[in-house]
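Here's a quick briefing to read alongside the model. Have the sequence and the 3D view open as you go.

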Amino acid sequence: MEIISDIWVNWFEGEENSYNVCEFYEWRKHDFIELLDQVPLVKVESSLFDYIENDLQDLPEDLLKLIRNKSVICKNNQREVIEYCFVATDGQRSIAADTLGYRIPVRKSRLIPRQENIVLEKVEKMKPESFPILLPGHERAYHLLSLDPRFMIGLTRRERHMKQLLFMALDQLRTAGSLEEIRYWYTEWYPTHYAESRHMSFEEAWGALVSAMKIGWSKKHSAICERMIKGQSYFEKLWELEQGPKVQ
């Protein structure tokens, strides 16, 4: 472990998927960006790095003991100690994490390129710390509100957020369980399949719609998302944050 100084972080809170911890080039002015005066740098094995980056599970006890009270941030000209905050790297990638006093990496951040290069240079001479950890014994189950990363490859930050909004709306459709409504949205996606839709069950139409919408992001996705959330104030606010104008 080594202590490093003056690290800019952009905290993304409660994210279990690495694609939602945005890279520096996707940072925005209104993001929660802070300057850490000092923070411990820990080199870990790739399996633990993946665990930190892609999950919200308890961190190893030995890691928590190693980093405890070693991070400092200056607020209002006063130095404040952060209980469990650190930068982890496996020698190829790096990520900052803060537990907010808990045992899980509640907040995560990428580093700015200059600092990431410094970190990767430093760890060349460091040996990875070994932290026993019980990794999941089964493949992680992704779902509508936590899509498999392969369905987010190549999308911008805005497109990823819009896609998550679309699938939140789809999840709501499933909860409502209206056969006529899901048939309607199926034919909106497949305009030439109206006759076919009349013979589909709710699960058939819903499953086909979800399978199709998982692939990529397009103007067609955006248009149907805008129409699907119309009149739902919470979804409209999320749309406005990403898209600009409010849904009319």
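Let's start with strand β6: five of its five residues are buried, so β6 is largely enclosed by the rest of the structure. Buried here means under 20% relative accessible area, with exposed over 50% and partly exposed in between (1.4 Å probe, protein chains only). Helices (H or I, at least four residues) and strands (E, at least two) are DSSP runs, numbered from the N terminus.

Some ground rules: this is a predicted model, where local features need pLDDT of at least 70 and side-chain atom pairs count only at pLDDT 80 or more, while totals for chains, interfaces and linings use all residues. Residues are numbered from 1 along each chain as its sequence is written, and side-chain values use heavy atoms, with hydrogens and water left out.

**β6 and its partners**

- Both faces of β6 are covered, with Cys85, Val87 and Thr89 buried on one side and Phe86 and Ala88 buried on the other.
- Strand β3 (residues 33–43) pairs with β6 in the parallel sense over three bridges; two strands count as paired if DSSP finds at least two bridges between them.
- Within that pairing, valine 42 has alanine 88 of β6 as its bridge partner.
- β6 also pairs with β7, this time in the antiparallel sense over five bridges.
- Two of the residue pairs to look for are phenylalanine 86 with alanine 97 of β7, and cysteine 85 with aspartate 98 of β7.
- β6 and β7 make a hairpin with four residues between them, and glycine 91 in the turn has a positive phi of about 95 degrees.

- β7 pairs with β8 in the antiparallel sense over three bridges, and alanine 96 stands opposite serine 109 in β8.
- Helix α1 (residues 46–53) has Leu48, Phe49, Tyr51, Ile52 and Glu53 buried.
- Those buried α1 residues pack against β6 (85–89), β7 (94–98) and β8 (107–109).

**Two nonpolar cores**

- A nonpolar core is a set of buried Ala, Val, Leu, Ile, Met, Phe, Trp, Tyr and Cys residues joined through side-chain atoms within 4.5 Å.
- The largest such core has 31 residues, of which Leu166, Phe167, Leu170, Met213 and Met228 touch the most other members.
- Helices α4 (157–176), α5 (179–189), α7 (202–213), α8 (219–228) and α9 (233–243) each supply at least two residues of this core.
- A second, separate core of 19 residues includes Leu48, Phe49, Ile67 and Phe86.
- Contact means heavy atoms within 4.5 Å, and on that basis leucine 170 touches Leu144, Trp206, Leu209, Val210, Met213 and Met228, leaving aside neighbours within four places in sequence.

**Two buried side chains worth a click**

- Tryptophan 217 sits in the loop between α7 and α8, where it is buried with a relative accessible area of 14%.
- Setting aside neighbours within four places in sequence, tryptophan 217 is in contact with Leu155, Glu159, Met162, Lys163, Leu166, Ser222 and Cys225.
- Tryptophan 217 and methionine 152 are 65 residues apart in sequence but 8.7 Å apart in space, C-alpha to C-alpha.
- Glutamate 242 belongs to helix α9 and counts as buried at 16% relative accessibility.
- With the neighbours within four places in sequence set aside, the contacts of glutamate 242 are Arg28, Arg158, His161 and Met162.

**The whole protein**

- There are nine helices and eight strands in the protein, and the C-alpha trace spans about 65 × 40 × 30 Å along its principal axes.
- Of the 248 residues, 45% count as buried.
- Take the contacts between residues at least 6 apart in sequence, and 68% of them join residues at least 24 apart.
- The protein exposes about 13400 Å², with carbon and sulfur atoms supplying 50% of it; accessible areas come from the Shrake-Rupley method with a 1.4 Å probe, and for residues only the protein chains shown count as cover.
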